[in-house]
Amino acid sequence: ALHDSRNNVIPHKMFATRTVPSSSLWCRALSSSSRNRRFHLRREMTTTTMMREQRPRVVRTTQASNDEDASSSSSIKTTSNPALKAAWFASEQFGKAIGGGKSNSSATVLEKQEENVMTTRAETIDLLAKDYEKNYFIGGESEMKAYSSSCVFADPFVSFTGLDRFKQNVGNLGTSLRDVECKVLKTVDNGVGGVIFYWKFSAVVDALPWRPKLAASGNTTHVLDDANKVVKHIEAWDVDPWVVLKKLLVPASKLPENKWELGMLAVSQRDGFGALQAISEPGVKLFAALFVLEKLPGVNLGGFEAFTSLMLVATAVTEFWALLISFGVVKK
């Protein structure tokens, strides 16, 4: 009990109670709430930072999440069309002809030693990227140090084994091309499924007289062995091979600069007269010579007399008609 100055007991109801202003309570609650929010914000920021640090850095490769997709990307699939296969082998022989019959001999001792050197996966991917920078699969200008000498090469047409043969083919092809452009779009590391480079390229085939444009886009899967050497090189195109081959019949230039370009451009536009006109000038000379030759005693062209006479008339009439068109006498 409490007493006053005269020692009298002060009743309980007369006790003075201290009240806290409501504004002070509100400030304390607000301060506590603010501290809680700052604590939770710091915790969220710390958690986000930790998650970012745990996330793998992806520069140009990613890890495949599906083993079936990875294995399917490394499977070899070539066409069963005999015409496409024949076109590929014909282009290989054509390349050897324009390449002067040069062949890449077996790998040198130094190259054999380098093949046995172990490299990391990252180093192999870097070597492959450098090969693409040099347009290796178009011009064959790179050393291709990342490859095994017994690597299997496959494209939509055929597959074969041997680094030397591949180097010879792309080297021969490179001598017949100009205005070569090759760009790597992205690189994906599929683990056991291989390292996939997505690319697009274009070039003018200068070895053909009508100079067509060869262009395609697609990807190449590089399967590595335990030593991180490329043992499979599997090329896939985004378009049907027939589409690419048909483009080889069309001149790259829209303004023909020679008879071949004029004729092939007419063929691509289904212009029969234009195609015949393109060959009419040399055709007249050729078939006129054959016509005279077959009239000589003792000369037998083996039943081509009728064909020679027909082509001589056709080319001569075409030349005459083209002359009339050039003078504006008749319209095409």
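**Before you start**

This is a predicted model: local features need pLDDT of at least 70, side-chain atom pairs count only at pLDDT 80 or more, and totals for chains, interfaces and linings use all residues. Residues are numbered from 1 along each chain as its sequence is written, and side-chain values use heavy atoms, with hydrogens and water left out.

**Stop 1: the largest pocket**

Select Trp-88, Ser-91, Glu-92, Leu-173 and Leu-214. Of the 35 residues that line the largest pocket, these lie nearest its centre. The space in the largest pocket is about 1000 Å³.

How is a pocket defined? On a 1 Å grid over the protein atoms alone, a pocket is an open set of points where a 1.4 Å probe fits, with protein on both sides within 12 Å along at least five of seven lines; lining residues have an atom within 4 Å of a point. Grid points are joined across faces, edges and corners, and the volume is the space filled by probe spheres set on the points.

Now colour by element. Helices (H or I, at least four residues) and strands (E, at least two) are DSSP runs, numbered from the N terminus. Those giving two or more residues to the lining of the largest pocket are helices H3 (82–98), H6 (136–139), H7 (163–174) and H8 (241–247), with strands S3 (147–154), S6 (195–205) and S8 (230–237). Which element gives the largest share of that lining? H3 does, with 9 residues.

Colour the lining by class next. There are 25 nonpolar, 6 polar and 4 charged residues. Here Ala, Val, Leu, Ile, Met, Phe, Trp, Tyr, Cys and Pro count as nonpolar, Asp, Glu, Lys and Arg as charged, and the others, Gly among them, as polar.

**Stop 2: helix H7**

Select H7. From first C-alpha to last, its 12 residues reach 16 Å, close to the 16 Å expected at 1.5 Å a residue. The expected span is 1.5 Å times one less than the number of residues.

Which residues of H7 are buried? Pick out Leu-163, Phe-166, Lys-167, Gln-168, Asn-169, Val-170 and Asn-172. Buried means under 20% relative accessible area, exposed over 50%, partly exposed in between (1.4 Å probe, protein chains only).

**Stop 3: the aromatic rings**

The whole structure holds 12 aromatic pairs. Rings of Phe, Tyr and Trp (its six-membered ring) pair if their centres lie within 6.5 Å; planes under 30 degrees apart count as stacked, over 60 as edge-to-face and the rest as tilted.

Show Trp-88 and Phe-160. They make a tilted pair, 5.9 Å centre to centre with 45° between the planes. Trp-88 belongs to helix H3 and Phe-160 to strand S4 (residues 159–161), 72 residues apart, so the pair links distant parts of the chain. Both Trp-88 and Phe-160 are buried.

Move to Tyr-147 and Phe-153. Their ring centres are 5.8 Å apart and their planes are at 15°, so this pair is stacked. Tyr-147 is buried at 3% relative accessible area, and Phe-153 is buried at 2%.

Then select the cluster. Trp-88, Phe-89, Tyr-132, Tyr-136, Tyr-147, Phe-153, Phe-160, Phe-166 and Phe-197 form one aromatic cluster.

Lys-186 lies over the face of Tyr-198, 4.9 Å from the ring centre. A charge sits over a ring if NZ of Lys or CZ of Arg is within 6 Å of the ring centre and within 35 degrees of the ring normal.

**Stop 4: two residues with positive phi**

Select Asn-228, in the loop between strand S7 (213–224) and S8. Asn-228 is not a glycine, yet has a positive phi of about 60°. Is Asn-228 buried or exposed? At 13% relative accessibility, Asn-228 is buried.

Jump to Arg-270, in the loop between H9 and helix H10 (272–295). Arg-270 also has a positive phi of about 60° without being a glycine. Arg-270 is exposed, at 82% relative accessible area.

**Stop 5: C-alpha distances**

Select Lys-254, in the loop between H8 and helix H9 (259–268). Lys-254 is exposed, at 62% relative accessible area. Its C-alpha is 8.1 Å from that of Leu-265, 11 residues apart along the chain.

Finish with Thr-308 in helix H11 (residues 305–326). Thr-308 is buried, at 2% relative accessible area.
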